[in-house]
Amino acid sequence: MNYKVAVIKGDGIGPEIVTEAQKVLDKAGEKFGFSLDYKEVLMGGASIDVHGIPLTDEAIADCKASDAVLMGAIGGNTSTSPWYKLEPSKRPEAGLLALRKALNLFANLRPAYLYEELKGACPLKEEITEGGFDMMIMRELTGGLYFGERKTIEENGVRKAYDSLTYDENEIRRIAKRGFDIAMKRNKKVTSVDKANVLDSSRLWRKVVEEVAKDYPEVSYEHMLVDNCAMQLVRDPKQFDVILTENMFGDILSDEASMVTGSIGMLSSASLNETKFGLYEPSHGSAPDIAGQNIANPIATILSAAMMLRFSFDLDEAADAIEAAVKKVLEDGYRTVDIMSEGMTKVGTKEMGDLICERL
């Protein structure tokens, strides 16, 4: 079987980590009998340097013509990069928001998994994380505050800014269904996170989630206020299976969950539309300060590639093998600098990719 993959290597460490992910994908293809045709696409700072804008219509068309998109990281140093002297709509991150919208990528999946081999890097007490944890944060990605109407005005000599948080029931229903579907493949528990004690949008969110839950009698569910959820993530992360939430809350909670795992360099993510099409990227940024030094951790991108095989191509066996290979490398004591600890063997970006390929 052959699949078309649009590849956005991006900025900073992006090209290095995506190259390693492609290496692992190709090795998995040899073993499990599939092949991938890659089409390189520019986005973010790399696109600004060539085209003057962070995302072109041609780039969008190339992504739409593919079966999935694999991305590294975009952006640069906000204090020194010339990209950030441009107006906000022309900065690197604007390209990612525009691509998500153009591809209708409304469902963001961010796993937060504590590897036994990395539990020492977790900032929580050992008695809290004993036995590890494994959760999936399901974030609505194309609505809410980030896409609402906004403006800044001056009124009676005083500056005032407006941001609108808007959801309709169809937007909520489709992300809720995706969250419950994912829960059916996991431990059959959904925690729907909102701020229903204050926000009308959250009260509608809660009502629609309850309607969707009736179609999933095997899945237990609960509602949790976002401030309580933020507290519970550090008090008892093992209680969560699927966390279902809106755009801004999901942005914040998924970053908190990544910190609880000990290293954001280990965390993958997927953004899906209503078909099997998805964009797969690591949760971390472009880290321009370490770009080109062969020290970046490629594991988050490699695990994102495994998610691509699982969710877009239904190649579960190959995805399982990549995840198992990552775990075996960690068990064997190999570490990039960001997850290095005493007694382990430090390796570079390329070496980590090679080691994972060997264990495939």
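Predicted model: local features only at pLDDT ≥ 70, side-chain atom pairs only at ≥ 80, totals over all residues.
Local features need pLDDT of at least 70, side-chain atom pairs count only at pLDDT 80 or more, and totals for chains, interfaces and linings use all residues. Residues are numbered from 1 along each chain as its sequence is written, and side-chain values use heavy atoms, leaving out hydrogens and water.

**View 1. The largest nonpolar core has 66 residues.** Such a core joins buried Ala, Val, Leu, Ile, Met, Phe, Trp, Tyr and Cys residues through side-chain atoms within 4.5 Å, where buried means under 20% relative accessible area with a 1.4 Å probe, protein chains only. Among the residues with the most contacts inside this core are Leu 109, Phe 180 and Leu 244. Helix α10 (residues 299-311), a DSSP run of H or I with at least four residues, gives the most to this core, with 9 residues.

**View 2. Here are the surroundings of Leu 244.** Beyond its neighbours within four places in sequence, Leu 244 is in contact (heavy atoms within 4.5 Å) with residues including Met 138, Phe 180, Trp 205 and Val 209.

**View 3. The largest pocket is lined by 23 residues.** A pocket is an open set of points on a 1 Å grid where a 1.4 Å probe fits, with protein on both sides within 12 Å along at least five of seven lines; lining residues have an atom within 4 Å of a point. Pro 111, Tyr 113, Asp 134, Arg 186 and Glu 323 lie nearest its centre.

Key
Buried < 20%, exposed > 50% of the residue type's maximum accessible area, 1.4 Å probe, protein only. Helix = DSSP H or I, 4+ residues; strand = E, 2+ residues; numbered from the N terminus.
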